[in-house]
Amino acid sequence: MQVIDSGATFAKTLDSERQAGHGVGLVPPMGYLHQGHLSLIERARQECDVVAVTIFVNPLQFGPTEDLDLYPRDIDGDLSKARSAGAHYVFAPSEAEMYARPPMTEVSVAPLEGVLEGQVRPGHLVGVATVVAKLFAMAGRCRAYFGEKDYQQLVMLRRMASDLSFPVEVVGCPTVRQSDGLALSSRNVRLDSLERRAACVVQEALAVGRSLVISGERRPGTVSRAMAAVVSAEPAASLDYAVVVDPETLGGPSEITGPVRLLVAARIGDVRIIDNVGAEAP
Ligand code: AMP
């Protein structure tokens with residue numbers, strides 16, 4: 001596995017791989033890799049000839065009062081995990097390398113960006129779309145692997161790649177969970193043992209919502225309220241949102257008649273837990 005810190009070298013290296021006839025898989029997490037990220041690398045490894053992982057904690061996607069400084073980092077651990085999972089390249093640029101000048105350009109997929117996470121974390125998804133656009137531009141033709149765990153981000157990036165004609169196929173991968181169902185997240189390390197238990201309320205709310213949908217409840221408001229009630233019953237949790245949305249537009253359906261996505265976000269202490277599941281009307 002080769003570690004690269006220059007964007008120009010990264011782009012040239014992947015160009016040479018393609019010239020040699022190799023299909024490229026791109027996996028772009030921020031770092032502090034866990035099994036969720038490794039599942040993306042393993043999937044890319046199955047479907048592509050070479051796998052490039054990028055590791056960059058992107059300041060553009062953190063608001064002024066958010067946890068950029070607290071975001072966990074462990075580049076040595078990340079390199080050894082990426083190697084074991086089968087990555088061929090890790091691109092780990094410095095902030096100065098990624099943003100030699102403060103960018104004047106922002107990428108905004110406005111209709112998908114201003115709702116849900118975009119309302120709770122203004123500017124976050126613009127920061128994500130902007131850095132991923134840069135990574136796509138450097139990486140060139142590839143398949144890029146993202147987790148369904150960050151569902152809104154996945155839908156937004158798929159649309160961005162298509163709207164801006166990036167030669168990138170965005171691939172969504174299932175959420176990896178701990179044995180009690182909590183979705184793996186780099187931020188989970190900041191939960192104490194009481195908070196860790198309380199965090200399960202998010203996937204419990206989703207399970208309640210999903211069972212209502214699959215048993216024929218067609219009113220989105222009823223499903224949302226049932227999910228919100230589960231979160232509200234946990235004193236350590238404070239609800240950001242509990243919604244039923246169209247899986248592609250993220251708009252709220254007036255009636256549940258086909259596939260929908262259920263999304264719940266809550267704060268446990270100072271850690272945000274977000275999760276989602278698909279469900280379909282019978
Ligand atoms: P991040 O942890 O925000 O750097 O996420 C990098 C990528 O890993 C994103 O595409 C996430 O959706 C994905 N990811 C994070 N957690 C999980 C998980 N538990 N299962 C699957 N993918 C995940």
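Student: What does the accessible surface of the chain come to, and how much of it belongs to carbon and sulfur atoms?
Tutor: In this predicted model, the accessible surface of the chain is about 12,900 Å², and carbon and sulfur atoms account for 50% of it.

Student: What share of the residues count as buried?
Tutor: Of the 282 residues, 54% count as buried.

Student: Why would one say the radius of gyration agrees with a compact globule?
Tutor: Because a compact globule with 282 residues would have a radius of gyration near 19 Å, and the chain has 19 Å. Along its principal axes, the C-alpha trace spans about 55 × 40 × 35 Å.

Student: How many helices and strands are there?
Tutor: The chain has 11 helices and 9 strands, and among contacts between residues at least 6 apart in sequence, 72% join residues at least 24 apart.

Student: Switching to the ligand, how many residues surround it, and which are the closest?
Tutor: The ligand is surrounded by 16 residues, with M30, H37, G147, D150 and V176 as the closest. By class, this shell has 8 nonpolar, 6 polar and 2 charged residues.

Student: How much of the ligand does the protein bury?
Tutor: Taken alone the ligand exposes 490 Å², and the protein buries 92% of that.

Student: Which elements give two or more residues to the shell?
Tutor: Those are α2 (35-47) and β5 (142-147), and α2 gives the most, with 3 residues.

Technical notes: Residues are numbered from 1 along each chain as its sequence is written. This is a predicted model: local features need pLDDT of at least 70, side-chain atom pairs count only at pLDDT 80 or more; totals for chains, interfaces and linings use all residues. Side-chain values use heavy atoms; hydrogens and water are left out. A residue is near a molecule or strand if one of its heavy atoms lies within 4 Å of it. Accessible areas come from the Shrake-Rupley method with a 1.4 Å probe; for residues, only the protein chains shown count as cover. Helices (H or I, at least four residues) and strands (E, at least two) are DSSP runs, numbered from the N terminus. Ala, Val, Leu, Ile, Met, Phe, Trp, Tyr, Cys and Pro count as nonpolar, Asp, Glu, Lys and Arg as charged, and the others, Gly among them, as polar. The radius of gyration is taken over C-alpha atoms; the globule rule is 2.2 Å times the number of residues to the power 0.38. Buried means under 20% relative accessible area, exposed over 50%, partly exposed in between (1.4 Å probe, protein chains only). Contact means heavy atoms within 4.5 Å.
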